[in-house]
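I'd like to walk you through one structure, so please take a look at it with me.

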Amino acid sequence: TTTKTEWTETSAAIQLNSNDYPSEVKAVFEAQLSIVNGEAWARLKNKTTGAIMQVTEIYNNSNTATWKSSPAFKLHNGTNTYVVELKSTSSEQTNLSGARLKLSL
């Protein structure tokens, strides 16, 4: 959880090596978010390179924990650690109940 209005790293992270998957594999970031007032935002950051993955930015503006999905994207080349970042637009508590990456061809 966070009440910060700037992007804040969480402990939710995964390390993936793009070479372990076919070159055409696509990833979708999903997060289960809730907030009482305002918008709860989540996204991925490549912690290895520091790259912000803006295509993965998703939000929910409900107090009901709801799964939200990003558009599909390609994994970055090589071995990288992807970390979930959160922010609140209203300084209300943003809750991350779950996060996952779905890989598909």
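Let's begin with Glu85, which is buried, with a relative accessible area of 5%. By buried I mean under 20% relative accessible area, while exposed is over 50% and partly exposed is in between, with a 1.4 Å probe and protein chains only. A quick word on where this comes from: the model is predicted, so local features need pLDDT of at least 70 and side-chain atom pairs count only at pLDDT 80 or more, while totals for chains, interfaces and linings use all residues. Residues are numbered from 1 along each chain as its sequence is written, and side-chain values use heavy atoms, leaving out hydrogens and water.

So which residue forms a salt bridge with Glu85 at 2.8 Å? That is Arg43, with 2.8 Å between the closest N and O atoms. A salt bridge here is a side-chain nitrogen of Lys or Arg within 4 Å of a carboxyl oxygen of Asp or Glu. Arg43 lies in strand E3 and Glu85 in strand E6, so this pair ties together parts that are 42 residues apart in sequence. Strands, by the way, are DSSP runs of E with at least two residues, and helices are runs of H or I with at least four, numbered from the N terminus. Arg43 counts as buried too, at 7% relative accessibility.

Glu85 also meets Lys45 in a salt bridge, at 3.5 Å from N to O. Lys45 is in E3 and Glu85 in E6, so that pair ties together parts 40 residues apart in sequence. At 15% relative accessibility, Lys45 counts as buried. Through shared partners, salt bridges join Glu9, Arg43, Lys45, Lys47, Glu57 and Glu85 into one network.

Now for the strands behind those pairs. E3 (residues 40-46) and E6 (residues 79-88) pair in the antiparallel sense over seven bridges; two strands pair if DSSP finds at least two bridges between them. Lys45 stands opposite Val83 in E6. E3 also pairs with E4, again antiparallel, over six bridges, and there Trp41 has Tyr59 as its bridge partner. E3 and E4 make a hairpin with four residues between them, and Gly50 in the turn has a positive phi of about 85°.

The whole structure has seven salt bridges. One of them joins Lys102 and Glu30, with the closest N and O atoms 3.7 Å apart. Lys102 is in strand E7 (residues 95-104) and Glu30 in strand E2 (residues 26-34), 72 residues apart.

Finally, let's zoom out. The protein chain has zero helices and seven strands. Its C-alpha atoms fill a box of roughly 40 × 25 × 20 Å along the principal axes. Of the 105 residues, 36% count as buried. And among contacts with a separation of 6 or more, 79% come from residues 24 or more positions apart, where contact means heavy atoms within 4.5 Å.
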